[in-house]
Amino acid sequence: MMEEKLWQWSVFRSLLAIIQWWGFNVTVIIMNKWIFQKLDFKFPLSVSCVHFICSAIGAYLMIKVLKLKPLIAVDPEDRWRRIFPMSFVFCINIVLGNVSLRYIPVSFMQTIKSFTPATTVVLQWLVWRKYFDLRIWFSLVPIVGGILLTSVTELSFNMFGFCAALFGCLATSTKTILAESLLHGYKFDSINTVYYMAPFATMILAIPAMLLEGNGVLEWLHTHQSVCSSLIIIFSSGVMAFCLNFSIFYVIHSTTAVTFNVAGNLKVAVAVLVSWLIFRNPISGLNAVGCAITLVGCTFYGYVRHMLSQQPPGTPQTPRTPRNLIELLPLVNDKIDDKV
């Protein structure tokens, strides 16, 4: 009886974690798109800077004030040698995501973001000379095919937004690959990651944001109606961005890897549906099919990766078993892709 109650509580906790993760993720995406499209605040660097500032403050409160999470100590030298390069790529990743949201619909941006597993595998193969099982390569076929079909049939296609989203995938992959080497030895959770990286990212982005968008922001403040309510929405999106990081920490510790993978792909579908209901961006039938193929491909990729990770040590792999440290680097950890 006690085991049954524990199992029911575990299931309920997992569902609660997934639902709140979906809620924060979709809310951040929709709020950012609303800021760019409805509030006419077309300054992605400034929005990203607000997110970094709110996340840095939130992580400080969680760790230092409320003490909900213990601080992982990092040597001052490692902060510049390891954390700063990660923060730079982290910053580029978030900025490119917000830039793409300004120019293309949420549905298209989320579909392109699903291309990240493919870019990660290709980068690890090209740069790190890491060998992968053939089943990994085959699992990427529906992802690539779905992205191509979605791109060709996108009715609101914008080349600049498309390139920003695509390079955002490369930045996400680079961030993950660097994390495997630069952060080796530090078992960071999502809150500690934000605690160390968000201040660096703010410092990196603040000057470019002021130089490139400062005049535009000042003009918007003088000409836009309902400035106070709009600023509340903008800063609320920053608060939601931090809450998203906290929800990632909760969902990782409440679900299995397979459940997380499936829930992550369903989250994309939820975001696409909600964005369409709000913004009514045109979606053709083939475009929806391409998006569905991509999500199914991502789920299949996650399943293949999980099955390979369950193989006992020494199991023969294709084309061969890795022999050195670089080849033994783990596959991309998709659990940290949604930060800020």
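Tutor: Let's start with surface: accessible areas come from the Shrake-Rupley method with a 1.4 Å probe, and for residues only the protein chains shown count as cover. On that basis the chain has about 16800 Å² of accessible surface, with 71% of that belonging to carbon and sulfur atoms. Keep in mind that this is a predicted model, where local features need pLDDT of at least 70 and side-chain atom pairs count only at pLDDT 80 or more, while totals for chains, interfaces and linings use all residues. Residues are numbered from 1 along each chain as its sequence is written, and side-chain values use heavy atoms, with hydrogens and water left out.

Now inward. Of the 340 residues, 50% are buried, meaning under 20% relative accessible area (1.4 Å probe, protein chains only). A nonpolar core is a set of buried Ala, Val, Leu, Ile, Met, Phe, Trp, Tyr and Cys residues joined through side-chain atoms within 4.5 Å. The largest one here has 38 residues, and Phe-41, Ile-112, Ile-136 and Ile-234 have the most contacts inside it. Helix H1 (residues 2-37) gives this core its largest share, 5 residues; helices are DSSP runs (H or I, at least four residues), numbered from the N terminus.

Zoom in on Ile-112: leaving aside residues up to four places away in sequence, Ile-112 touches Ile-104, Ile-147, Phe-162, Ala-165, Leu-166 and Cys-169, where contact means heavy atoms within 4.5 Å. Apart from this core lies another, of 37 residues, including Leu-96, Ala-164, Ala-171 and Tyr-186.

Conventions: Helix = DSSP H or I, 4+ residues; strand = E, 2+ residues; numbered from the N terminus.
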